[in-house]
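Subject: Handover of a structure

Dear colleague,

Please find the sequence and the structure below. The findings follow directly after them.

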Amino acid sequence: MSRTLTLELDERVYAALAEKAKITGSTPDQLAVIVLAERFPPTPPEGRKTADIRKFFGSVRVGHPSGLDNEAIDADLAREYGRGLDGRDE
């Protein structure tokens with residue numbers, strides 16, 4: 001279902017909208033719909049919960065530490081910079 005909405009915009013606001021629309025290859029009307037949809041996303045129907053992504057926190061294992069241990073990062077960089085393009089130590 002869709003609805004029609006008529007807006008009265010200040011000339012400067014419309015000019016900015018028209019300029020951005022031209023850059024993106026759309027019309028001012030299309031860009032206004034996109035901007036409004038991004039700013040006011042639809043809410044899920046009542047009784048329906050949105051997915052809780054927190055259940056996925058920590059579920060990916062990359063096989064090596066990926067934290068903020070600067071000393072380990074520095075050691076990794078030093079080791080890699082010491083190798084040539086063929087992967088052998090220079």
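What percentage of the residues in the protein chain is buried? In this predicted model, buried residues account for 7% of the 90 residues in the chain. The accessible surface of the protein chain amounts to about 9200 Å², and carbon and sulfur atoms hold 56% of that surface.

As to secondary structure, the protein chain contains three helices and zero strands. Along the sequence, the pattern reads α-α-α.

The surface carries a nonpolar patch formed by Leu 5, Leu 7, Leu 9, Val 13, Tyr 14, Leu 36 and Phe 40. Together, these residues have about 690 Å² of accessible area. One of them, Tyr 14, is placed in helix H1, which covers residues 11-24. Tyr 14 counts as partly exposed because its relative accessible area is 37%, a value that lies between the 20% and 50% cut-offs.

The largest pocket holds about 390 Å³ of space. Its lining comprises 15 residues, of which Leu 5, Leu 7, Ala 32, Val 33 and Leu 36 are the closest to the pocket's centre. Two or more lining residues come from each of H1 and helix H2 (28-39). H2 makes the largest contribution to this lining, with five residues. By residue class, the lining of the largest pocket consists of ten nonpolar, three polar and two charged residues.

Yours sincerely

Methods. Residues numbered from 1 in each chain as written. Predicted model: local features only at pLDDT ≥ 70, side-chain atom pairs only at ≥ 80, totals over all residues. Heavy atoms only, no water. Patch = residues over 30% accessible without salt bridge, like charges linked within 9 Å, V, L, I, M, F, W, Y side chains within 5 Å. Areas by Shrake-Rupley, 256 points an atom, 1.4 Å probe, with all protein chains shown as cover. Salt bridge = Lys/Arg side-chain N within 4 Å of Asp/Glu carboxyl O. Helix = DSSP H or I, 4+ residues; strand = E, 2+ residues; numbered from the N terminus. Buried < 20%, exposed > 50% of the residue type's maximum accessible area, 1.4 Å probe, protein only. 1 Å grid on protein atoms, 1.4 Å probe; cavity = no way out; pocket = protein on both sides within 12 Å on 5 of 7 lines; lining within 4 Å. Points joined across faces, edges and corners; volume = space filled by probe spheres on them. Nonpolar A, V, L, I, M, F, W, Y, C, P; charged D, E, K, R; others polar.
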